[in-house]
Amino acid sequence: MSNINQYWDKPLADLVGLDRLQLDDVGMDDPRAYIETADADRDYHEIVFCESLAFANEYKHIADKDLADGWLTPSALERTKTAIKAILAEKTSIPAETLDSIGIEDGGVGDEPGFEVSLTLPVKSSITFGQAHDVVMWPFWATMINISDPGTFNSPYLWNSI
């Protein structure tokens with residue numbers, strides 16, 4: 001595991017090959033969030049947030065028509081992506097070109113139903129890791145943490161938007 005502090009003022013290209021950096025590597029202890037750094041075959045870093053559906057399924061926050069064995073259906077995944085992108089656009093200042101890279105897929109939480117949301121940052125960007133953290137990573141992770149918890153004050157709850 002790398003000490004990310006040594007990369008704070010360096011360009012994103014310097015992160016290539018560091019593999020997975022968990023969120024606690026960058027200052028917060030939440031196992032749902034991580035950076036998958038670029039390697040020789042990929043020219044972007046992937047910023048990921050994983051969400052379990054256990055709570056939402058247990059309390060019936062997701063309509064039955066949107067679930068298949070507890071997992072989101074393809075159409076529900078697409079609506080979830082659209083809702084997340086709209087919330088991020090409204091609640092953060094993440095650049096539009098980064099929001100356009102948003103992806104969503106099943107998985108990320110072991111064998112339990114869940115999904116992963118990701119954004120990408122180009123390796124050849126002129127910004128430093130610290131700038132990318134402050135402008136993209138932290139706002140993305142913090143917003144995802146807030147919208148996935150129905151009790152977060154002053155934050156929309158994701159499943160009320162679907």
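1. Arg20 has a relative accessible area of 42% and therefore counts as partly exposed, where buried means under 20% relative accessible area, exposed means over 50%, and partly exposed lies in between, using a 1.4 Å probe and protein chains only. Arg20 forms a salt bridge with Glu36, and the closest N and O atoms are 3.5 Å apart; a salt bridge is a side-chain nitrogen of Lys or Arg within 4 Å of a carboxyl oxygen of Asp or Glu. The pair links distant parts of the chain, since Arg20 is in strand β1 (residues 20-22) and Glu36 is in strand β2, 16 residues apart. Glu36 is also partly exposed, at 23% relative accessible area. Helices (H or I, at least four residues) and strands (E, at least two) are DSSP runs, numbered from the N terminus.

2. A word on the basis of these values: this is a predicted model, in which local features need pLDDT of at least 70 and side-chain atom pairs count only at pLDDT 80 or more, while totals for chains, interfaces and linings use all residues. Residues are numbered from 1 along each chain as its sequence is written, and side-chain values use heavy atoms, with hydrogens and water left out.

3. A search of the whole structure finds 6 salt bridges, and some of them share partners, for Lys65, Asp66 and Arg79 are joined into one network. Asp66 forms a salt bridge with Arg79, with the closest N and O atoms 2.4 Å apart, and also one with Lys65, where the corresponding atoms are 3.3 Å apart. Asp66 lies in the loop between α1 (54-58) and β4 (67-68), whereas Arg79 lies in helix α2, so this pair ties together parts that are 13 residues apart in sequence.

4. Thr73 is found in the loop between β5 (71-72) and α2, and with a relative accessible area of 14% Thr73 is buried. Leaving aside neighbours within four places in sequence, Thr73 is in contact (heavy atoms within 4.5 Å) with Lys65, Asp66, Leu67 and Ala68.

5. Which residues touch the most other members of the largest nonpolar core? They are Ile84, Phe115, Phe140, Trp141 and Trp159, out of the 41 residues in this core, where a nonpolar core is a set of buried Ala, Val, Leu, Ile, Met, Phe, Trp, Tyr and Cys residues joined through side-chain atoms within 4.5 Å. The elements that give two or more residues to this core are β2 (33-36), β3 (44-52), α2 (74-91), β7 (114-122) and α4 (129-147), and the largest share, 9 residues, comes from α4. In soluble globular proteins, nonpolar side chains tend to be buried together. Trp159 touches Leu53, Ala56, His61, Ile62, Leu72, Thr80 and Phe115, again not counting residues up to four places away in sequence.

6. The largest pocket holds about 170 Å³ of space. On a 1 Å grid over the protein atoms alone, where a 1.4 Å probe is used, a pocket is an open set of points with protein on both sides within 12 Å along at least five of seven lines, and lining residues have an atom within 4 Å of a point; grid points are joined across faces, edges and corners, and the volume is the space filled by probe spheres set on the points. The elements that give two or more residues to the lining are α3 (96-99), β7 and α4, and β7 gives the most, with 3 residues. By class, the lining has 6 nonpolar, 4 polar and 1 charged residues.

7. Thr98, which is one of the lining residues of the largest pocket, lies in helix α3. At 7% relative accessibility, Thr98 counts as buried, and apart from neighbours within four places in sequence, Thr98 is in contact with Leu119, Thr120, Leu121 and Val136. Among these partners, Thr120, Leu121 and Val136 are also listed in the pocket lining.

8. Ser52 is found in strand β3 and, at 27% relative accessibility, counts as partly exposed. Ser52 touches Val109, Pro113 and Gly114, not counting residues up to four places away in sequence. The C-alpha atoms of Ser52 and Ile127 are separated by 32 Å, and these two residues are 75 residues apart along the chain.

How values were computed:
Ala, Val, Leu, Ile, Met, Phe, Trp, Tyr, Cys and Pro count as nonpolar, Asp, Glu, Lys and Arg as charged, and the others, Gly among them, as polar.
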